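The following note sets out, point by point, what may be read from the structure shown below. It is written for a reader who is new to such models.

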Amino acid sequence: MINKPKGTVDLTDRKARIWKYVEEVIDSVMEKYNYNYIRTPIFESTELFHRGIGDATDIVTKETYDFKDRGDRNITLRPEGTAGVVRSYIENKMYGTHNLPVKVYYNGTMYRYERPGKGRLRELSQYGVEVMGSNDPLMDAEVISLAYNINKMLGLTDTVVHLNSLGDKESRDNYRKALKDYFELHLDDLCADCKERFVKNPLRIIDCKVDSDKDYFREAPKIIDYLNKESKDYFDKVCEYLDILEVKYVIDPKIVRGLDYYNHTVFELMTEESKLALGGGGRYDNLVKMLDGPDTSCVGYAVGLDRLVDELIDRNLITNIRDDIDAFIMYVNEDEKKNAIYLANELRMSGFVVETEYNNKGLKSQFKRADYFNSKYLIILNSDDLNEGLITIKNNKTKEEEKIMMEYIIYYFDEHLSDDNLEIGEECCHHHDHE
Ligand code: AMP
């Protein structure tokens with residue numbers, strides 16, 4: 001038997017249905033906020049991530065899936081979504097052809113060579129948004145509240161945004177110096193990674209997962225105290241707008257995010273119950289330029305769907321996904337079977353969820369199969385009735401049976417299955433809108 005690779009998951013059964021539901025909610029909320037869906041390649045040139053995310057970051061130094069393709073090109077499976085979207089923005093010259101800001105969202109798999117563990121996969125899924133071409137604090141606030149509201153729509157009403165600001169370059173330079181001065185005194189206590197960070201990028205020491213509960217960590221300088229006036233004003237505006245948007249947030253000096261490209265606003269999404277962050281993001285005003293595009297202010301975030309769906313399942317928050325079917329069509333002989341094929345097609349194209357028998361098994365086995373799928377109705381075909389244009393419909397709950405003309409079946413179901421069955425092609429999300 002061949003097993004799946006370490007750090008990957010199979011999405012099946014109920015979890016797969018919940019996953020699809022979550023994606024529907026995301027799609028429908030994105031539509032309201034007027035974010036366009038974007039899909040970029042799962043593999044890109046290795047250089048994109050080295051330049052984009054930063055050579056000194058954990059993601060790029062330790063965690064990427066890199067390979068040479070048969071044409072000897074250096075290829076990397078994307079570890080995150082932002083770099084690809086920004087590359088696409090530049091390559092397609094969206095800055096010239098679109099009205100700014102450009103607001104997009106994506107949803108797809110990312111690849112990180114991490115040590116697999118709880119909430120840590122090697123193939124993970126993220127949905128995320130990127131907004132390119134606005135440096136208005138309103139944009140930061142909108143993006144944060146979008147993430148917050150999607151969580152809320154899914155039932156995570158205890159979502160809290162952990163918010164911080166990295167300020168502008170001047171503020172960060174001052175802070176970096178303060179950090180160096182501070183950690184210089186604790187150099188021997190730092191973990192091996194942090195010793196390296198101390199040299200390459202002291203800001204990231206704050207991100208350390210190993211020592212973060214030690215005293216000298218708690219007393220370390222906080223960036224918020226090193227913001228210059230402009231940066232402080234910017235951050236205050238973001239907070240003010242978040243208040244209007246009724247987003248629940250706390251200011252958390254530990255949030256610095258792992259990547260090189262952030263400035264000003266950074267945030268992570270938690271709930272009161274989640275131990276690991278569900279998502280995170282922030283403002284990145286330098287990335288487009290670093291990737292040879294025009295100076296463009298951006299803000300975005302990504303949420304891990306694996307963690308999100310796991311939490312929804314663990315907390316049993318999704319109760320409204322379909323766990324039954326409308327009808328099971330039963331038959332025995334070839335003549336009945338042909339009618340079953342015809343009927344199933346008619347009903348499905350009218351928006352009903354229909355199942356039938358595919359192994360020519362007897363009625364007893366078909367009853368079991370119908371129960372397995374929690375069929376609301378059984379449609380029992382028999383040749384004598386069919387000759388007169390009749391079919392038997394049995395309500396599988398009340399066990400009541402009646403014979404009706406086969407040609408009236410759609411009207412019958414329209415009347416009896418009053419819930420929100422959708423016709424194929426109809427927008428599939430409208431029934432979530434009011435939840
Ligand atoms: P990041 O930008 O690295 O903070 O990732 C954003 C979100 O993606 C995280 O908050 C997680 O929900 C998810 N995520 C990141 N890495 C992994 C991973 N290795 N396995 C599962 N989910 C992940």
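1. In this note, contact means that heavy atoms lie within 4.5 Å. The model under review is a predicted one.

2. An α-helix has 3.6 residues a turn, so residues three or four places apart point the same way. Asparagine 34 follows helix 1 and has a positive phi, near 65 degrees.

3. Of its 435 residues, 51% count as buried. The C-alpha atoms fill a box of roughly 90 × 50 × 45 Å along the principal axes. Among contacts with a separation of 6 or more, 70% join residues 24 or more positions apart. The accessible surface is about 22,600 Å², and carbon and sulfur atoms hold 49% of that surface.

4. Which residues are closest to the ligand? They are Arg112, Glu114, Leu121, Gln126 and Leu278, within a shell of 14 residues. This shell divides into five nonpolar, four polar and five charged residues. Strand 6 (123-132) and strand 11 (298-304) each supply at least two of the shell residues.

5. A polar side-chain atom of glutamine 126 lies 2.9 Å from a ligand oxygen. A polar backbone atom of leucine 278 is 2.8 Å from an oxygen atom of the ligand, and for a polar backbone atom of glycine 304 the corresponding distance is 3.3 Å. The protein covers 89% of the 480 Å² of accessible area that the ligand has on its own.

6. Is glutamate 311 buried or exposed? Glutamate 311, which lies in helix 12, has a relative accessible area of 8% and is therefore buried. Apart from neighbours within four places in sequence, glutamate 311 is in contact with Leu156, Thr271, Glu273, Ser274 and Leu278. Leucine 278 is also one of the residues closest to the ligand.

7. Isoleucine 313 is likewise placed in helix 12. Its relative accessible area is 32%, so isoleucine 313 counts as partly exposed. Isoleucine 313 and arginine 218 are 95 residues apart in sequence and 34 Å apart in space, C-alpha to C-alpha.

8. Asparagine 164 belongs to strand 7 (residues 159-165). Its relative accessible area is 0%, so asparagine 164 is buried. The side chain of asparagine 164 reaches the backbone oxygen of proline 253 at 3.4 Å. Setting aside residues up to four places away in sequence, asparagine 164 touches residues including Ile223, Phe235, Asp252, Pro253, His264 and Val266.

Definitions and conventions: Residues are numbered from 1 along each chain as its sequence is written. This is a predicted model: local features need pLDDT of at least 70, side-chain atom pairs count only at pLDDT 80 or more; totals for chains, interfaces and linings use all residues. Side-chain values use heavy atoms; hydrogens and water are left out. A residue is near a molecule or strand if one of its heavy atoms lies within 4 Å of it. A polar contact is a pair of N or O atoms within 3.5 Å; within protein, one must be able to donate a hydrogen and the other to accept it, and residues adjacent in sequence count only if both atoms are side-chain atoms. Accessible areas come from the Shrake-Rupley method with a 1.4 Å probe; for residues, only the protein chains shown count as cover. Helices (H or I, at least four residues) and strands (E, at least two) are DSSP runs, numbered from the N terminus. Ala, Val, Leu, Ile, Met, Phe, Trp, Tyr, Cys and Pro count as nonpolar, Asp, Glu, Lys and Arg as charged, and the others, Gly among them, as polar. Buried means under 20% relative accessible area, exposed over 50%, partly exposed in between (1.4 Å probe, protein chains only).
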